[in-house]
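Please look at the sequence and the structure before reading on.

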Amino acid sequence: MDLLSDRTRLIAAATRRGEGRRPVNPPIERASTMLSDAVGDMRDASLGPLYGIDGTASQDGLRRAISDLEGAESCWLAPSGLAAVTLPLLALTKPGDEILTTDAVYGPVRRFLTRYMAARGVTARFHPAEASAEEVAALVSDATRLMLIEAPGSLTMEMIDVPLLAEAARARGVWTVMDNTWAAGLAFKPLAHGVDVSVQALTKYAGGHSDLMLGAVSASDPALVKAIAETYEDVGLCVSPDDAWLALRGLRTLPLRYAEQQRSMMQVATWLADQAEVSRVLHPALPGDPGHLLWSRDFTGAASLFGVVMQGGDTQTAHAFLDALSLFGLGYSWGGFESLITYETPQMAFRVAPPTLEGPLLRLHIGLESPSELIADLEIGLAAWRTAVG
Ligand SMILES: *Cc1c(COP(=O)(O)O)cnc(C)c1O
């Protein structure tokens, strides 16, 4: 399987020989109790899961598919992407430790760090979103235990040199965890670039249809695998067989959806960047973006998610723009088949160092609709923006 493309490998796992007559897809096995034939069998884990929390066929299939995609020895499924990020942070830190992360970290993770973790003696330090790997490495202190990497950063999409940062962290005995949701395990392989733990919100691209919440944690280092597996067991995490089944189904078409949405995103983002009402489009696949060189060097694809900084205007004009659209859904999350748009300026207030923006910050997710029709929708929105600006 190692030599196969992701596109083939995600399907070849379903058609593997030697597993007997069976449906292509694993069954959904709903279970708490698992029965054994003899009392002596009840302690034998090699006969299969002993309890529903161990997971059944669909969770197993999904874990194997994600491990394969991330190039990891082990994978754990979490009930949300957020739980997938918090699991390794809980597993790998203790009171007195410090976690170093970007000021552009996913918002709910910032809340977890500043509320839950801080109250339990684990401190967080937020480095400037645009800091280089060398600058971040220079911030490592004796207390730093773990670096949480998010590249591109949430909303403002800053890139960082991940291999260099991972190497610097390793040299200082600091674990690295990367939120790999944007690359969906396809466009970037954190473990192959020296990162210790890769985390994804499967809610986004893997699910792909905005109908489930799920996360995955992948790692290979034996000490890490032990620590994460024990915490997973200790806190009682598990996911439903139905959700795992849906995510596994989503994975079969993930590479095609991801590539198609990338193509449409490039059309829409390039068009938007040329509009007078737009100051900047934030996406590392766009030539001229500050993260473009790093993205070109390390990534093999791009998510259809980007930021837009408007030129002038305010909350009212931003609302007028969004309210005038009819194809773009107004809603959070991304990675599904549908295009979405959100107004994100209020999120900047949570940052240690909010960026200087020329106008409202919007976030767009491009789905599987026709890009020219999405552009026509945005034209209507921009007309409403101009009217609102007056
Ligand atoms: C959405 C998201 C998460 C959390 O995923 P949920 O399944 O919504 O909890 C984590 N990280 C990033 C970068 C995300 O966009």
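How far from an oxygen atom of the ligand does a polar side-chain atom of Trp-334 lie? The distance is 3.1 Å.

The model is predicted, so local features need pLDDT of at least 70 and side-chain atom pairs count only at pLDDT 80 or more, while totals for chains, interfaces and linings use all residues. Residues are numbered from 1 along each chain as its sequence is written, and side-chain values use heavy atoms, with hydrogens and water left out.

**Ligand site**

The residues around the ligand (a heavy atom within 4 Å of it) include Ser-80, Tyr-106, Glu-150, Asp-179, Thr-203, Lys-204, Met-213 and Trp-334.

| Side chain | Ligand atom | Distance |
|---|---|---|
| Asp-179 | nitrogen | 2.6 Å |
| Lys-204 | oxygen | 2.7 Å |
| Trp-334 | oxygen | 3.1 Å |

**Domains and core**

The protein chain is divided into domain 1 (6-249) and domain 2 (253-389), with bounds from an automatic or database domain assignment. Their centres, taken over C-alpha atoms, are separated by 27 Å. To the contact (heavy atoms within 4.5 Å), domain 1 gives 36 residues and domain 2 gives 41 residues.

The largest nonpolar core has 112 residues. Such a core is a set of buried Ala, Val, Leu, Ile, Met, Phe, Trp, Tyr and Cys residues joined through side-chain atoms within 4.5 Å; buried means under 20% relative accessible area, exposed over 50%, and partly exposed in between, with a 1.4 Å probe and protein chains only. Helix H8 (residues 241-273) supplies the largest share, eleven residues. Helices (H or I, at least four residues) and strands (E, at least two) are DSSP runs numbered from the N terminus. Because domain 1 and domain 2 both give residues to this core, it lies between them. Leu-62, Trp-182, Leu-272, Phe-306 and Leu-362 have the most contacts inside the core. Apart from its neighbours within four places in sequence, Leu-272 touches Val-278, Val-281, Phe-306, Val-308, Leu-364 and Leu-378.

Met-117 lies in helix H4 (residues 107-119) and is buried, at 3% relative accessibility. Leaving aside neighbours within four places in sequence, the contacts of Met-117 include Leu-89, Leu-90, Thr-93 and Ile-99. Met-117 and Leu-90 are 27 residues apart in sequence and 8.4 Å apart in space, C-alpha to C-alpha.

Asp-298, in helix H9 (residues 292-298), also counts as buried, at 12% relative accessibility.

**Backbone geometry and cysteines**

Most residues other than glycine have a negative phi, and most peptide bonds are trans. Here the peptide bond from Ala-151 to Pro-152 is cis, with omega near -5 degrees; Pro-152 is in the loop between strand S4 (144-150) and helix H6 (162-171). Ser-210 has a positive phi of about 55 degrees and sits in the loop between strand S6 (197-201) and strand S7 (215-219). Ser-333, with a positive phi of about 75 degrees, is in the loop between strand S10 (329-330) and strand S11 (340-343).

The structure holds zero disulfides, a disulfide being a pair of cysteine sulfur atoms within 2.5 Å. For Cys-75, the nearest cysteine sulfur is that of Cys-238, 14 Å away. Cys-75 is buried, at 2% relative accessible area, whereas Cys-238 is partly exposed, at 36%.

Conventions:
Polar contact = N/O pair within 3.5 Å; in protein donor to acceptor, adjacent residues only side chain to side chain.
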